[in-house]
Amino acid sequence: MKVLFVLTSHDDLGDSGEKTGFWLEEFASPYYTLKDAGVAVTLASPKGGQPPVDPKSDNTDAQTDATRRFSGDLTAQQELAHTMKLAEAKVAEYDAVFYPGGHGPLWDLYADKNSIKLIEQFVAAGKPVAAVCHAPAVLLKVKQANGDPLLQGKNVTGFSNSEEQAVGLTDVVPYLLEEELQAQGGIYQKVPDWNVLSVTDGKLVTGQNPASSEAVAKDLLSLLK
């Protein structure tokens, strides 16, 4: 089995003067969950090369067993440093696609034409699509074959308004993900802040926050099996 991971290439946190990118736990935990199950993982990003890591996700209080494992895994670090350009990814070569979160995708991947086309092709091929935390933003502009929003009538989750408020970025992000998922017809679900929630609807899997990343990976694995 082969899964394509798509990471953000965006590193500016709006006009805050701070940096963002992808959230390390949301990459590392699914990466090892799938790799340990025998899945081959390929990494891609819009610009290719090293995608930006959100500096805060590398802080001591954000570390998990998976991020600590990654910090000692030179092979995985090399893979991450040399992601392929997203435009070169071919759906036929993969069994599923996974999007780690972090705030970066709110700016680049949600409107990236290559990403949108890729997801539409995965959906058309009946292959699973998974995204966690802020990464469900990549679904906002994706259409079904009949032109309706992919999210219309779908059970979905993602980073909640209250979680965005808790990290103090409500006025920094370009939009609130919870509201936008609902605006596209998604049936939004959530649990109390920072608790685990993974939602599966058909071949679509979404997770609410960093703590949900392993659960999303396991649900994706179930679909692949």
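Predicted model: local features only at pLDDT ≥ 70, side-chain atom pairs only at ≥ 80, totals over all residues.
Local features need pLDDT of at least 70 and side-chain atom pairs count only at pLDDT 80 or more, while totals for chains, interfaces and linings use all residues. Residues are numbered from 1 along each chain as its sequence is written, and side-chain values use heavy atoms, without hydrogens and water.

Q: How many helices and strands are there in the protein?
A: Both are DSSP runs: helices are H or I over at least four residues, strands are E over at least two, numbered from the N terminus. Counted this way, the protein has 7 helices and 9 strands.

Q: What radius of gyration does the protein have?
A: The radius is taken over C-alpha atoms, and the globule rule is 2.2 Å times the number of residues to the power 0.38. For 225 residues, a compact globule would come near 17 Å. The protein agrees with that, at 16 Å.

Q: Is Thr157 buried or exposed?
A: Buried means under 20% relative accessible area, exposed over 50%, and partly exposed in between, with a 1.4 Å probe and protein chains only. Thr157 sits in the loop between β6 (155-156) and α5 (161-166). Its relative accessibility is 0%, so Thr157 is buried.

Q: Which residue's backbone oxygen does the side chain of Thr157 reach?
A: Contact means heavy atoms within 4.5 Å. Not counting residues up to four places away in sequence, Thr157 touches several residues, among them Pro136, Tyr188 and Gln189. At 2.7 Å, its side chain reaches the backbone oxygen of Gln189.

Definitions and conventions:
Polar contact = N/O pair within 3.5 Å; in protein donor to acceptor, adjacent residues only side chain to side chain.
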